[in-house]
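Biologist: Hi! Could you walk me through this structure, one piece at a time?

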Amino acid sequence: MIEVKGLSFSHKGEGNPVLKGVDFKASPGEVTTILGPNGSGKTTLFKCILGIWRSEEGDVLLNGRSIRTLKRAEIAKGVAVVPQDHEPPFPYSVFDVILMGRIAHVGLFASPSQRDKEVAHKAMNTIGIEDMAERPYTRISGGERQLVLIARCLAQEASVMLLDEPTAHLDFKNQIMVLTKVRSIAKERGLTLMMTLHDPNLALLYSDRVLLLNDGTLIAKGEPKEVITKENLMRVYGLEVEFISQNGMEMICPKV
Amino acid sequence: MGRIAVVPVILLSPLFVGGIALFLGAYHVSSPLVAKIMLSKILFMDIGDIPEKSIILNIRLPRIILSALVGMALSASGVTLQGIFRNPLVDPFILGLSAGAAFGCAICVAFVPEVPIQIAAFAFSLIATFITYTIARSQGEVSRLPLVLSGVVVSAFFTALVSIVKFLVDPHKLVSIVYWLMGSFSLSDWHSVSVAAVGITLGCLPLFLMRWRLNAMSMGEEEARALGVSVERDRLIFITAAALAVGAAVSVSGIIGWVGLMVPHLVRMTVGPDHRRLMPLSMAAGAAFMIFADTLARNCTTFDIPVGIITAITGAPFFIYLMKKGARESWGR
């Protein structure tokens with residue numbers, strides 16, 4: 001569980017805060033989506049939750065404990081992140097990348113134990129990528145990398161999982177595949193799942209709760225249908241949209 | 001030949017190369033006699049005092065062991081620096097650790113002989129690394145070329161300081177400083193072996209034990225943090241240990257470049273990038289390579305060529321090859 005209380009953040013030497021008094025709660029077994037335009041502070045919010053950037057005001061509680069009081073490895077045991085797509089400098093095998101998720105559980109002078117390897121293998125099986133184990137991470141597709149990073153999150157055995165734009169760089173089919181998979185895993189294991197998305201349609205389809213972020217401030221939070229409205233989208237994106245309903249499904253279409 | 005067969009071959013290569021190197025040298029000792037001397041030593045047999053015994057046991061053997069230690073230290077540091085800076089183009093020589101250590105040694109030899117040169121070498125190679133790192137870091141996350149460039153700058157700076165020392169020092173000491181700076185094992189004896197062994201073991205042990213963490217560190221600072229690594233603490237330990245190993249190596253053999261760059265690459269090409277395997281195999285391969293290079297240095301002409309010249313002749317083209325390959329495969333940015 002993540003509780004963010006009155007969180008404000010600004011970069012050193014810059015007056016304009018990136019986050020202003022952000023306040024919300026993300027619960028286990030739920031998918032909480034953060035929606036907002038580029039530069040609205042989504043990634044910053046994730047970095048504050050991970051304790052990579054320290055906020056000057058407000059607090060983040062990870063399973064009831066302030067992350068200010070937690071050590072790096074303790075935070076990592078509670079919250080895992082799938083970062084945005086990137087390329088490592090060396091062609092590690094898929095298995096080696098997933099095994100990195102165990103580092104918070106392994107001592108400073110130790111190597112991963114048999115149990116750590118088993119956990120990594122299990123995570124691969126859960127995601128269904130065990131046949132990729134020996135392939136170089138640098139030579140697989142964007143969608144496959146996303147799955148590898150999600151498996152690494154599972155190997156980390158954290159109760160909170162953050163996904164930073166999991167659908168960026170993915171084609172239409174892979175977007176749906178990745179989101180369906182993480183959602184079902186989160187439900188199954190009672191994980192607290194938070195992700196940032198750009199597409200309000202996907203947010204509508206996959207979230208239990210939506211946070212709408214604009215210029216560092218939370219404009220709205222709650223059920224997807226309450227938050228993703230014509231008025232709110234106009235306010236945040238400055239776009240006129242139309243809601244189309246068919247067979248109980250709702251589609252958001254920008255007016256062009 | 002699969003990867004599994006390669007591992008023991010590389011691990012045993014220093015023993016193999018070292019064994020052959022014992023039989024080669026400027027002073028001809030017949031092969032059966034070398035074997036007899038070694039056997040008698042191992043089995044505690046007395047074969048009397050013959051001059052060849054001293055050549056093998058007190059000249060060739062310590063020299064081979066010392067070059068193995070130095071090769072191990074430079075390669076282990078190379079693996080470490082490439083991992084923590086996520087940069088395949090760096091090694092102790094390029095980042096200025098070697099030049100810093102050399103300056104430390106030079107001032108000790110020239111002006112303050114009371115201070116053990118290993119300590120000065122360690123201190124200055126540490127200082128050099130931090131200067132390199134700070135310059136490269138001034139533009140945010142450390143990226144590939146700025147790091148290499150600031151290493152070049154720091155190397156040049158410490159090399160200039162060494163020149164000042166050379167200029168000021170009395171001519172008797174000058175000869176030894178100049179010769180030692182070229183990188184050579186010609187002054188090896190059991191004393192230098194024991195001195196180097198302490199520093200190199202102390203430096204290489206944490207590098208070996210913490211090697212798996214390099215996998216996560218090389219994914220980038222923020223990602224490593226998110227995975228639960230205390231990046232500042234780990235980086236400090238890694239750099240300090242590498243500087244300790246390099247300082248000890250430089251203090252006994254001068255500046256020997258490129259080994260820390262070439263060996264990790266060749267090993268990585270053979271067994272892949274996982275540091276759990278890369279570190280011990282690079283240590284072994286570095287030791288074997290250095291024995292090989294030094295055997296070449298003392299046998300291919302009637303002089304004892306400084307081994308640093310041989311490693312540079314092979315290393316510089318290798319660096320160019322890596323830069324071209326890097327541009328093609330666009331590693332990191």
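Modeller: Happy to! This is a predicted model, so let's begin with a helix. In α6(A), the buried residues are A:Val178, A:Leu179, A:Val182 and A:Ala186.

Biologist: How are they placed around the axis?

Modeller: They sit on the same side of α6(A), because they cover an arc of only 95 degrees around the axis.

Biologist: And what is on the face turned away from the buried side?

Modeller: There you find exposed residues: A:Phe172, A:Lys173, A:Thr180, A:Ser184 and A:Glu188.

Biologist: How far apart are the end C-alpha atoms of α6(A)?

Modeller: They are 26 Å apart. The helix has 18 residues (172-189), and at 1.5 Å a residue it should span 26 Å, so the two values agree.

Biologist: What follows α6(A)?

Modeller: A:Gly190 does, and its phi is positive, near 65 degrees.

Biologist: Switching to strands. What order do they have in the open sheet of six?

Modeller: The order is β6-β7-β8-β3-β9-β10 in chain A, and the pairing is mixed. At the edges are β6 (79-82) and β10 (217-222) of chain A, each pairing on one side only. Direction ignored, neighbouring strands of this sheet are turned by 20 degrees against each other on average.

Biologist: Let's start at β6(A). Does it pair with β7(A) in the parallel or the antiparallel sense?

Modeller: In the parallel sense, over four bridges. For example, A:Val81 has A:Leu162 in β7(A) as its bridge partner, and A:Val79 stands opposite A:Val160 in β7(A).

Biologist: Which helix packs there?

Modeller: α5(A) packs on the sheet and touches β6 and β7 of chain A. Its direction makes about 175 degrees with that of β6(A).

Biologist: How many bridges join β7(A) to β8(A)?

Modeller: Four, and the two strands run parallel. A:Leu162 turns up again here, with A:Met194 in β8(A) as its bridge partner.

Biologist: What about the open sheet of four strands?

Modeller: That one has the order β2-β1-β4-β5 in chain A, with antiparallel pairing. Its edge strands are β2 (19-26) and β5 (65-66) of chain A, each of which pairs on one side only.

Biologist: How many bridges are there between β1 and β2 of chain A?

Modeller: Five, with β1 (residues 2-9) and β2(A) pairing in the antiparallel sense. In one of those pairs, A:Leu7 has A:Val22 in β2(A) as its bridge partner.

Biologist: Back to phi for a moment. Which residue other than glycine has a positive value?

Modeller: A:Asn63 is one of them, with phi near 50 degrees. You'll find A:Asn63 in the loop between β4 (57-62) and β5 of chain A. It counts as partly exposed because it has 15 C-beta neighbours inside 10 Å.

A:Glu165 is not a glycine either, yet its phi is positive, about 45 degrees. A:Glu165 lies in the loop between β7 and α6 of chain A. With 18 C-beta neighbours inside 10 Å, A:Glu165 also counts as partly exposed.

Note on methods
Residues are numbered from 1 along each chain as its sequence is written. Chains are lettered from A and ligands numbered from 1 in the order in which they are written. This is a predicted model: local features need pLDDT of at least 70, side-chain atom pairs count only at pLDDT 80 or more; totals for chains, interfaces and linings use all residues. The expected span of a helix is 1.5 Å times one less than its number of residues. A residue is buried if 20 or more other C-beta atoms lie within 10 Å of its own, exposed if 12 or fewer, and partly exposed in between; C-beta atoms are placed from the backbone. The arc is that of the directions from the helix axis to the C-beta atoms. Two strands pair if DSSP finds at least two bridges between them. Axes are lines fitted to C-alpha atoms, for helices over the stretch in contact, and angles run from 0 to 180 degrees between N-to-C directions. Two residues are in contact if their C-beta atoms, placed from the backbone, lie within 7 Å.
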